[in-house]
Amino acid sequence: MTEVSTNWPLERVADLNAFYGDPRGSDGSVGVEWYHENMDIWSPPYPMFYSDGKHTPLHHLSVHKKCLVVFDAAFKDVLETLGHDYIVEKRLNISGGSFCYRLERGGSRLSVHSWGCAIDMDPQHNPFPHHWVANRGFIDMKFVGIMQRHGFDWRGDLEHHDIDPMHFQLCRHVF
Ligand SMILES: [Zn+2]
C-alpha cells in the first residue's frame, strides 16, 4: 500500500494555499499557471460515471498532483476489497467530480474543490445539506472506511453531525 501523508493541511484558505498553492487567477477564475503546475489527470481504476443521470463516462478526473497517488490507492483498494458488483450496487461508481473552481455553497470563500483535493460521490443520494442516515441509500460505510484509511476526511462524519455525505477531501475539516 502507498504510504499516505498523515499531514494533510487544515481546511483553511491559508493552509490550503500553503500546501497546494494558490489557485486564484486574476479575473475570478482559476489561475492558468497554477492549474498547469499543480493539476494532474487521474484515471479511476474502475469505470466511473458522472452523476448527470445520463451515465456519462468519467474516464479522467483532474486532481492535484499531491493527491493523485492517494486517489489511486484508495479507489484500487475499494475495487480489491469490495469488488465490482458491490461497487455498482452501492453506486460507488457515480461521482459528481473532483476539481471545480467555485465558491462554497452559500458562502463567499472558495470550495475545497478549487484546490483539486476533493471528490463528490453519488450526490443524488447524498444531498447537501443532510446528515447520513442508515438504510436510506446514503453512501456505503465500507467505502467510507476505506477512504478514511487512506487519509480522506469524510464530510458526513457522524460524530460531528456533518452534513455533506457525498464529499471526501484530502484536508482536515475544522469543526
Ligand atoms: Zn464536495
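Reader: Is the crossing of helix 3 and helix 5 left-handed or right-handed?
Author: The crossing of helix 3 and helix 5 is right-handed (near helix turned clockwise from the far one by less than a right angle; anticlockwise is left-handed). Note that this is a predicted model, where local features need pLDDT of at least 70 and side-chain atom pairs count only at 80 or more, while totals for chains, interfaces and linings use all residues. Residues are numbered from 1 along each chain as its sequence is written.

Reader: What is the angle between helix 3 and helix 5, and how far apart are their axes?
Author: Helix 3, residues 68-82, packs on helix 5, residues 141-149, at about 140°, and the axes are 9 Å apart. Axes are fitted to C-alpha atoms over the stretch in contact, and angles run from 0 to 180 degrees between N-to-C directions. Helices (H or I, at least four residues) and strands (E, at least two) are DSSP runs, numbered from the N terminus.

Reader: Which residues in helix 3 meet helix 5?
Author: Ala 74, Asp 77, Val 78, Thr 81 and Leu 82 do. On the helix 5 side they meet Lys 142, Phe 143, Ile 146 and Met 147. By class, the contact of helix 3 with helix 5 has six nonpolar, one polar and two charged residues. Here Ala, Val, Leu, Ile, Met, Phe, Trp, Tyr, Cys and Pro are nonpolar, Asp, Glu, Lys and Arg charged, and the others, Gly among them, polar.

Reader: Is Met 147 buried or exposed?
Author: Met 147 sits in helix 5. This residue is buried, because 23 other C-beta atoms lie within 10 Å (buried is 20 or more, exposed 12 or fewer, partly exposed in between).

Reader: What does Met 147 touch?
Author: Leaving out residues up to four places away in sequence, Met 147 touches Ala 74, Phe 152, Trp 154 and Phe 168 (contact is C-beta atoms within 7 Å). Val 174 is 27 residues from Met 147 along the chain, and their C-alpha atoms are separated by 19 Å.

Reader: New topic. What is the strand order in the sheet?
Author: Five strands form an open sheet, ordered 2-4-5-7-6, with mixed pairing (a pair needs at least two DSSP bridges).

Reader: Which strands stand at the edges?
Author: Strand 2 (49-50) and strand 6 (153-154) do. Each has a single partner strand, so one side of each is left without a neighbour in the sheet.

Reader: Do strand 4 and strand 5 run parallel or antiparallel?
Author: Antiparallel: two bridges join strand 4, residues 94-97, to strand 5, residues 118-121. Ser 95 has Met 121 as its bridge partner, and Gly 97 has Asp 120. Strand 2 and strand 4 run parallel, also with two bridges. There, Phe 49 stands opposite Ile 94.

Reader: What is phi for His 55?
Author: Near 60°, which is positive in a non-glycine residue. His 55 is in the loop between strand 2 and strand 3 (61-64). His 55 is exposed, with 10 other C-beta atoms within 10 Å.

Reader: And where is Asn 135?
Author: In the loop between strand 5 and helix 5. Asn 135 has a positive phi of about 60° although it is not a glycine. Asn 135 counts as exposed, with 5 C-beta neighbours inside 10 Å.

Notes. Two residues are in contact if their C-beta atoms, placed from the backbone, lie within 7 Å.
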